[in-house]
Amino acid sequence: MMKLTGYSLPASSTPIYLNILKKHSIFSSNIFQRNPTKSRGPSTYTQRDQVLADAVMVAGQYLPPWFSVAPMMDWTDNHYRTLARLISKHAWLYTEMLAAETIVYQKDNLDRFLAYSPEQHPIVLQIGGNNLENLAKATELANPYHYDEINFNCGCPSPKVAGHGCFGARLMLDPKFVGEAMSVIAANTDVPVSVKCRIGVDDHDSYNELCDFIYKVSSLSPTRHFIIHSRKAMLNGISPAENRSIPPLKYEYFYGLLRDFPDLRFTINGGINCVDEVNAARRAGAHGVMVGRAAYHNPWQVLGHVDSVIYGAPSSCITRRQILEKYQVYGDSVLGKYGIKPHVRDVVKPLLHLFYSEPGNGLWKRKADAAFQNCKSIKSFFEETLVAIPDSVMDSPVAEPLSGRDDLFENIDSLLPTPYKLSEQEVLYA
């Protein structure tokens with residue numbers, strides 16, 4: 001067996017599936033039936049992929065995080081993760097960042113923040129904070145929810161986080177604290193822990209400073225997995241959105257870390273938009289790849305190829321109609337679960353990108369805006385809006401993968417920074 005930290009795979013990397021047959025409900029709502037005047041014919045999905053679409057790893061194990069969806073505030077909520085898991089069975093999903101204080105102060109209302117369906121595994125809880133006691137309590141309170149990993153946010157550049165709260169990306173300036181925080185988190189959970197960070201902050205953006213951070217955190221804690229957003233964070237003068245585009249990508253820093261810290265595991269993040277580019281990053285040596293906004297703004301094309309192109313699983317041939325059938329059941333079951341929330345708009349929000357660049361997409365969004373004003377259920381919302389989408393779009397499996405940029409990691413070995421050397425001060429952390 002080939003061993004990875006926290007994971008075990010056959011040397012061939014061929015997935016081993018335990019096929020679990022599940023009964024898929026047939027919904028009677030007319031919105032999910034093809035035009036009755038058209039020939040329906042047998043469904044490839046129901047004939048061939050009844051089993052494969054619900055395949056899980058033997059003994060509850062999951063494939064390694066070769067592909068993960070980035071934690072994104074206000075986006076990677078329970079609704080989005082439900083949609084993402086309907087499209088991809090193997091992508092690793094992350095929660096939005098939850099402040100440790102929120103978990104601690106809402107300890108009598110935790111389901112609203114931490115609950116999720118078992119189908120969302122593998123799933124990672126991302127927490128943020130700068131108080132060791134609250135980080136310990138939050139981790140302990142999250143344990144009954146059985147997340148597969150706990151991730152600590154050291155990369156968010158939002159002023160709400162990095163400024164007033166003094167956590168997020170600003171914590172990269174205090175690696176000693178981050179090491180202590182990771183030790184506290186690890187001491188209060190039985191699952192792996194990881195750090196998500198930038199390659200630097202403001203003027204502290206040299207490769208050696210990044211290495212100092214990685215070295216100190218890994219020396220002071222059990223942390224062995226780092227997710228590296230390959231841009232630095234600029235905390236003064238630009239917005240969080242600009243922090244995703246203005247600081248240049250420096251993939252050579254990421255690949256330098258692979259060379260200089262061979263005993264650690266690194267996931268690359270930033271500027272990677274399709275499975276073609278994910279595979280290019282992995283061929284260049286990345287242990288894993290995290291994709292953010294591309295997986296949210298075009299979930300069908302990006303997530304629809306993860307299982308087959310990244311993990312080598314058979315294509316499910318699932319269609320958007322079949323996904324929406326399942327999502328309707330989920331959506332109507334959660335409306336108003338927490339008082340008046342969530343609303344129809346909250347539940348539908350992740351679906352607004354499901355028909356990205358497809359015929360009928362513009363009309364569908366206009367109908368959605370109108371339907372939000374009066375629809376009280378997901379079923380009624382679909383009845384009013386999905387007539388805008390042609391059957392050919394609703395009933396087709398995902399098209400061929402998008403082509404990636406050929407030069408994204410071209411000659412990366414020739415661009416690597418000078419190898420990291422420990423100074424006498426860093427040796428003290430060993």
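# Notebook: contacts, core and backbone

**Entry 1, Asn 298.** Leaving out neighbours within four places in sequence, I found Asn 298 in contact with His 353, Tyr 356 and Leu 402. The model I am reading is a predicted one. I placed Asn 298 in the loop between helix H11 (293-297) and helix H12 (299-303). Its relative accessible area is 11%, so Asn 298 is buried, the cut-off being under 20%.

Is Met 290 buried or exposed? Met 290 is buried, with a relative accessible area of 0%. Not counting residues up to four places away in sequence, Met 290 touches a list of residues that includes Ser 68, Tyr 94, Lys 196, Ile 227 and Thr 267. For Ser 68 I also noted the C-alpha separation from Met 290, which is 4.7 Å, although the two are 222 residues apart along the chain.

I found Ile 238 in the loop between strand S11 (225-229) and helix H9 (251-260). Ile 238 counts as buried at 18% relative accessibility, because buried means under 20%. With residues up to four places away in sequence set aside, Ile 238 touches Asn 243, Ile 246 and Pro 247. I also looked up Pro 157: from C-alpha to C-alpha, Pro 157 and Ile 238 are 9.4 Å apart in space, and in sequence they are 81 residues apart.

How many of the 10 residues of H9 are buried? Eight are, and I wrote the helix down as mostly covered. Among the buried residues are Tyr 251, Phe 254, Leu 257 and Asp 260. The buried residues of H9 pack against H8, S11, strand S12 (265-269), helix H10 (275-283) and helix H19 (412-415).

I then turned to H8. Helix H7 (residues 175-187) packs with helix H8 (residues 207-220) at an angle of about 35°, and their axes are 8 Å apart. The crossing of the two is right-handed. On the H7 side the contact is made by Pro 175, Lys 176, Val 178, Gly 179, Met 182 and Ser 183, and on the H8 side by Phe 213, Lys 216, Val 217 and Leu 220. I sorted the residues of this contact into six nonpolar, two polar and two charged.

The largest nonpolar core has 121 residues, and Phe 67 and Phe 152 touch the most other members. H8 gives the most to this core, with seven residues. In soluble globular proteins, nonpolar side chains tend to be buried together.

I looked for disulfides and the count came to zero. Cys 274 is buried at 5% relative accessibility, and Cys 375 is buried at 6%.

I found a cis peptide bond between His 121 and Pro 122, with omega about -5°. Pro 122 is in the loop between helix H4 (111-114) and strand S8 (123-128). The bond from Lys 341 to Pro 342 is cis too, with omega near -5°. Pro 342 lies in the loop between helix H14 (320-334) and helix H15 (344-348).

I also noted positive phi values. Asp 74, which is not a glycine, has phi near 70°, and this residue counts as exposed at 53% relative accessibility. His 146, also not a glycine, has a phi of about 60° and counts as exposed at 57%.

Methods: Residues numbered from 1 in each chain as written. Predicted model: local features only at pLDDT ≥ 70, side-chain atom pairs only at ≥ 80, totals over all residues. Heavy atoms only, no water. Axes fitted to C-alpha atoms, helices over the stretch in contact; angles between N-to-C directions. Helix = DSSP H or I, 4+ residues; strand = E, 2+ residues; numbered from the N terminus. Left-handed = near helix turned anticlockwise from the far one by under 90°. Contact = heavy atoms within 4.5 Å. Nonpolar A, V, L, I, M, F, W, Y, C, P; charged D, E, K, R; others polar. Core = buried A, V, L, I, M, F, W, Y, C linked by side-chain atoms within 4.5 Å. Buried < 20%, exposed > 50% of the residue type's maximum accessible area, 1.4 Å probe, protein only. Disulfide = S-S within 2.5 Å.
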